Amino acid sequence: MAGNARRTALITGSIMMATIMQALDTTIANVALPHMQGSLNATQEQASWVLTSYIVACAIMTAPTGILAARIGRKRLFLISVAGFTFTSILCGVAQNLPEMVLFRLMQGVFGAGLVPLSQAVLLDTYPKEKHGQAMSLWGMGVMLGPILGPSLGGWLTEYFNWRWVFYINLPIGIATFIGILLFMPETEKNP
């Protein structure tokens, strides 16, 4: 029984890192936007596409998450999403001009869209029905923690390092999340 509780805790930790990472990215770039604007030679209106492209891509790609998970498997989709989100975060950090940044943020939104619904579904599958309320309260904390920490962390990284670090911060979190999901999350059945 202790082994099962440990596995549940490891799955929960991995899933929560993915949730926080995605939720964090909805707000972390906001405070770095003026620095990006200068570095990428963009006007304020043009730079706002860095935020808009991410949000729009997330909104559009959230809907097909369930269908994709049924087709290719929840674990595989989760791994693809985490790897893609992490990789595109690095691309955002190395972007040299505004069109690159907008494209990479769009791609980041495409990969990040499934992280929150997948994490919720995995938590509900991992916990027994009598603990679903507890699981959703944990999930809700992760969803709320990201946007709360985002502006402060983004400001701190921009002030003491560089605006590019608001994207590089996802690399260690993404790697740890990928490994945790790979090792501890069971695969679901696929529906052809």
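Start by selecting tryptophan 165: with a relative accessible area of 39%, this residue is partly exposed (buried means under 20%, exposed over 50%, partly exposed in between, with a 1.4 Å probe and protein chains only). Before you click on, note that this is a predicted model, where local features need pLDDT of at least 70, side-chain atom pairs count only at pLDDT 80 or more, and totals for chains, interfaces and linings use all residues. Residues are numbered from 1 along each chain as its sequence is written, and side-chain values use heavy atoms, with hydrogens and water left out.

Another of them joins tryptophan 156 to phenylalanine 161, edge-to-face, at 5.4 Å centre to centre and 70° between the planes. Tryptophan 156 is partly exposed too, at 44% relative accessibility. Select Trp156, Tyr160, Phe161, Trp165 and Tyr168 together and you have a cluster linked by ring pairs.

Next stop, arginine 74, in helix H5 (helices are DSSP runs of H or I, at least four residues, numbered from the N terminus). Is arginine 74 buried or exposed? Buried, because its relative accessible area is 18%. Leaving out residues up to four places away in sequence, arginine 74 touches Ala69, Leu118, Ala121, Val122, Asp125, Met185, Glu187 and Thr188 (contact means heavy atoms within 4.5 Å).

Stay here and show H4 (residues 65–72) against H5 (residues 74–94): they pack at about 120°, axes 6 Å apart (axes are lines fitted to C-alpha atoms over the stretch in contact, and angles run from 0 to 180 degrees between N-to-C directions). On the H4 side, pick Thr65, Leu68, Ala69 and Ile72; they meet Arg74, Arg76, Leu77 and Ile80 in H5.

Last, go inside. The largest nonpolar core has 24 residues, and Ile15, Phe78, Leu115, Leu123 and Ile181 touch the most other members (a core is a set of buried Ala, Val, Leu, Ile, Met, Phe, Trp, Tyr and Cys residues joined through side-chain atoms within 4.5 Å). Centre on leucine 123: beyond its neighbours within four places in sequence, this residue contacts Thr12, Ile15, Met16, Ala135, Met136 and Trp139. A separate core of 21 residues includes Leu33, Leu40, Leu51 and Leu98.

Technical notes: Helix = DSSP H or I, 4+ residues; strand = E, 2+ residues; numbered from the N terminus. Phe/Tyr/Trp six-rings, centres within 6.5 Å; stacked < 30°, edge-to-face > 60°.
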